[in-house]
Amino acid sequence: MTFPDDFRWGSATAAHQVEGNNLASDFWAVEHVPDSGFAEPSGDACDHYRLYRQDIALLKELGFNSYRFSIEWARVEPEDGVFSRAAIAHYRDVLETCHEFGIAPMVTLHHFSSPRWLMRLGGWEYEKTPNRFAAYCRVVMSELGSLIPHAATINEANIATLTRQMIEDMTGGTGSPAPVGVEQAPVGVGPVPAGPAVDSGEPGADALGTTADKRNLFLFTWSETGMAVVKRSHTMARRAIKEVSPSTQVGLTLALQDYQPGPGGEKASDRRWAAAFDSFLPALDGDDFLGVQNYSRVLVGPDGALPHPEGAELTQMGHEFYPQALENVLRRAASAGVPMFVTENGIATEDDTRRVEFVRLALQGLERCLADGIDVRGYYHWSTFDNFEWMLGYKPTFGLIAVDRETQHRTVKDSARRLGEIARRNALR
Ligand code: NOJ
């Protein structure tokens with residue numbers, strides 16, 4: 001079977017994880033606080049801000065026809081209401097380079113990091129954050145919209161729900177207090193709060209020039225207020241984008257775990273899906289597409305997540321090696337009734353042969369979905385490069401391409417060539 005003619009094949013990155021020196025962002029500030037809980041600061045990352053041209057050329061050479069990356073709000077609007085023409089010109093260059101190489105851009109407008117100044121206002125709990133976010137989207141899209149066929153407003157808009165589920169698992173269902181010192185990630189989600197500076201202490205707030213009550217970073221805000229702010233940010237941003245760039249297809253992305261009930265876990269498992277997915281349906285109403293992000297499955301018992309099965313193969317993130325999850329999640333998410341893109345799917349491993357196998361099995365599942373008429377329009381592997389995995393630093397290696405961070409030399413892995421060949425053939429075999 002071949003994939004639909006215009007199927008998008010690509011890999012994905014996020015600005016803060018690859019560009020380097022994201023100085024005006026909230027993450028940069030908290031990464032540099034002593035005992036922040038970050039394994040290491042992001043530093044130069046993959047220096048993609050400078051090397052984007054050679055990187056995009058390499059993606060083309062490998063056989064891909066699309067690239068998912070994010071535009072960094074903290075660069076475009078480094079101070080409240082102050083827009084950087086230079087940053088906008090930079091992203092115009094990146095987008096034009098994509099088009100020059102025949103690479104269709106899939107752009108994310110917010111991927112976890114935010115401008116530092118937003119934390120002075122209350123971050124992702126501030127009631128006017130949706131207005132600020134929509135204003136930034138309007139500027140970007142009025143300048144660059146004609147170069148952007150697909151825009152995802154917010155990456156993993158439901159991350160707070162997953163974090164809450166993880167906290168429930170860790171605290172036996174009480175939901176509080178927030179755990180400190182946790183380094184293991186929930187399935188399919190990179191980072192979790194791991195240190196006092198980010199979690200509960202003042203140093204993180206000081207570094208951001210704010211107070212602890214206002215220091216609500218996107219990734220560490222899981223209150224009801226925060227979740228409402230995120231949903232409203234999406235709907236206001238979509239409206240702004242449609243006004244200035246009506247031809248751009250707009251959506252968001254969700255982290256979707258394959259919840260599988262263990263004995264007696266049916267209701268609990270359904271509740272998890274309803275929180276992570278169904279509760280977003282009203283916000284998705286009016287979207288052109290949904291970005292599905294999946295990494296593994298979670299077995300759910302009546303009281304929460306169950307341990308991995310005996311002898312399960314685990315990834316560097318502690319997730320079960322379970323590429324079949326993608327198919328299950330796509331089938332379930334199809335109920336939203338909008339076209340879907342797999343905007344992330346991948347595995348953190350040192351052993352690239354396991355990545356090759358992971359991709360092979362995940363894509364077989366995707367192929368079965370297509371054969372059944374499920375509308376999936378693209379597959380973006382996470383990630384293009386071994387990059388900055390948030391709290392965990394550079395240790396987990398998700399990349400199709402390795403990066404020597406001293407020399408910034410790129411080494412293409414076998415998995416990149418294999419996936420590139422599939423993309424070129426537009427078929428698995
Ligand atoms: C989800 C996030 O979007 C991305 O930033 C992260 O690196 C990957 N999953 C892997 O954990």
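A residue counts as near a molecule if one of its heavy atoms lies within 4 Å of it. With that cut-off, 16 residues surround the ligand, and the closest are Gln-17, His-111, Asn-155, Glu-344 and Glu-389. Keep in mind that this is a predicted model, where local features need pLDDT of at least 70, side-chain atom pairs count only at pLDDT 80 or more, and totals for chains, interfaces and linings use all residues. Residues are numbered from 1 along each chain as its sequence is written, and side-chain values use heavy atoms, with hydrogens and water left out.

Now look at the ligand's oxygens. An oxygen atom of the ligand is 2.6 Å from an N or O atom in the side chain of Glu-389. For the side chain of Asn-155, the distance from a ligand oxygen to an N or O atom is 2.8 Å, and for that of Trp-382 it is 3.3 Å. Taken alone the ligand exposes 300 Å², and the protein buries 100% of that (areas by the Shrake-Rupley method with a 1.4 Å probe).

On to the fold. Zoom in on strand 1 (residues 8-12): three bridges join it to strand 2 (residues 66-70), and the two run parallel. There, Ala-12 stands opposite Arg-68 in strand 2.

Terms used
Polar contact = N/O pair within 3.5 Å; in protein donor to acceptor, adjacent residues only side chain to side chain. Pairing = 2+ DSSP bridges. Helix = DSSP H or I, 4+ residues; strand = E, 2+ residues; numbered from the N terminus.
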